[in-house]
Amino acid sequence: MNKARKVMAAAAILAMFTSAAASAELALDGSVVSGGAQSVRAPFGGVVEEVRLRPGDLISVGDTVASIVTTKVYAPQDGIVGSVCAQEGDSAEGIIKRYGAVLYIEPTNRYIVQASTEKAYNSSDTRYVHIGEKLYLSCTQDGSHRGTARVTKIEAADEAGITKYTLEVTGGDFYIGETVGAFRSADYASASRVGRGTVAQAEAIAVEGAGSVLRLHVAPGDAVERGQLLFETVEGTLDGLYAGESDIPSDLGGIVASVDVQNGASVAKDANLITVYPFESLQIEAQVNVLDLGAIHEGDRVEIEFDLDPDSLRRYEGVVESISYLSSGEGSQKYYSAYISFPADEHVRLGMPAIVYLNESAQRE
């Protein structure tokens, strides 16, 4: 009886070990590696104003990578925006070639006078005018139309000593084609007359630019003041009429591998700004002993365990993507690298140690 019991106990122990062996997991040591890096490139050229990342930083899609300085174009004088010939994304040079300007400003002062000193009072003083000088205008027909003007342009005197000049009408009502006298004195004394001219419509001011129009700040009909920002341009062409901000967003999420530009550096369109290890490229590189090669195959589903903190273990599901045919070590200590894909997230860092578990009965993808 005692012998029978011993046989039964031995059989039970053997069955227990057999069952444990059948359900045993293969545990592999591994670490997080990247399967490849990608670049975030400049959508346009310019000078880098600010780089906001460092190698090793975590970045998400839409995060700002860097700011690139734009060329800002301002209103040369007060007026009303007459027409905007460009759209955001257009080549400024192409628009200028076609329409003569990126946009036009209609001057606040609608009239000019093309005048000369030919009808000036006969004195040495009235033969000369000066840029910026304020003059007083009066129509020659009956003096009913009066106003003020400022000298904006002076041509060289001809052989007869007559000087042509241009006046910007700053006040008063006149009509186009009207003849007016120009006086230095507000009482229109004839001895102060410095010439005579014809009223004409002031030409719209053509505002040009260079590069590609990144952003427009005005629309037709807007009143603008001298020095007001009209539009911004950047170097190079913008594909697909791209228009956006001077802050460049990332189109990748992952870990910053390197920052490829510096503040103040000049970059061309498509230049590398940063290099990123995307989350989807992160893998586990696990070491497989030569004696365990028969237990792991491409397509096997595995569990990956990270001991991220003392109080919790975090597990991810993964799939064996490939097993290297190159080894390291010698004899029974020869190891091969298995590469395992898994859904990495912000908790995962490059180089982080992991344990990979493969159940012998695991199904394959």
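This is a predicted model: local features need pLDDT of at least 70, side-chain atom pairs count only at pLDDT 80 or more; totals for chains, interfaces and linings use all residues.

Author: Residues are numbered from 1 along each chain as its sequence is written, and side-chain values use heavy atoms, with hydrogens and water left out.

Reader: What makes a space a pocket and not a cavity?

Author: On a 1 Å grid over the protein atoms alone, a cavity is a set of points where a 1.4 Å probe fits but cannot get out, whereas a pocket is an open set with protein on both sides within 12 Å along at least five of seven lines. The largest pocket holds about 320 Å³ of space, a volume being the space filled by probe spheres set on the points, which are joined across faces, edges and corners.

Reader: Which residues of the lining lie nearest the centre of the largest pocket?

Author: A lining residue has an atom within 4 Å of a point. The largest pocket has 14 of them, and Ile112, Thr152, Thr166, Ala202 and Glu203 lie nearest its centre. Strand 9 (111-116), strand 11 (146-154) and strand 12 (164-172) each supply at least two lining residues, and strand 12 gives the largest share, three residues.

Reader: How do you know that a stretch is a strand, and what makes two strands a pair?

Author: A strand is a DSSP run of E with at least two residues, numbered from the N terminus. Two strands pair if DSSP finds at least two bridges between them. Strand 9 and strand 14 (residues 193-201) have six bridges, in the antiparallel sense, so they count as a pair. Val113 has Val199 in strand 14 as its bridge partner.

Reader: In what order do the six strands close into a barrel?

Author: The order is 9-12-11-10-13-14, with antiparallel pairing.

Reader: Why are strand 19 and strand 21 called edge strands?

Author: Strand 19 (247-249) and strand 21 (266-267) each pair on one side only. They belong to an open sheet of four strands in the order 19-5-3-21. Strand 5 (residues 64-69) meets strand 19 over three antiparallel bridges, with Thr64 opposite Pro249.

Reader: What makes strand 16 mostly covered?

Author: Buried means under 20% relative accessible area (1.4 Å probe, protein chains only). Four of the five residues of strand 16 (residues 212-216) are buried. Strand 16 also pairs with strand 18 (residues 229-234) over four antiparallel bridges, and Arg215 stands opposite Glu232.

Notes
Buried means under 20% relative accessible area, exposed over 50%, partly exposed in between (1.4 Å probe, protein chains only).
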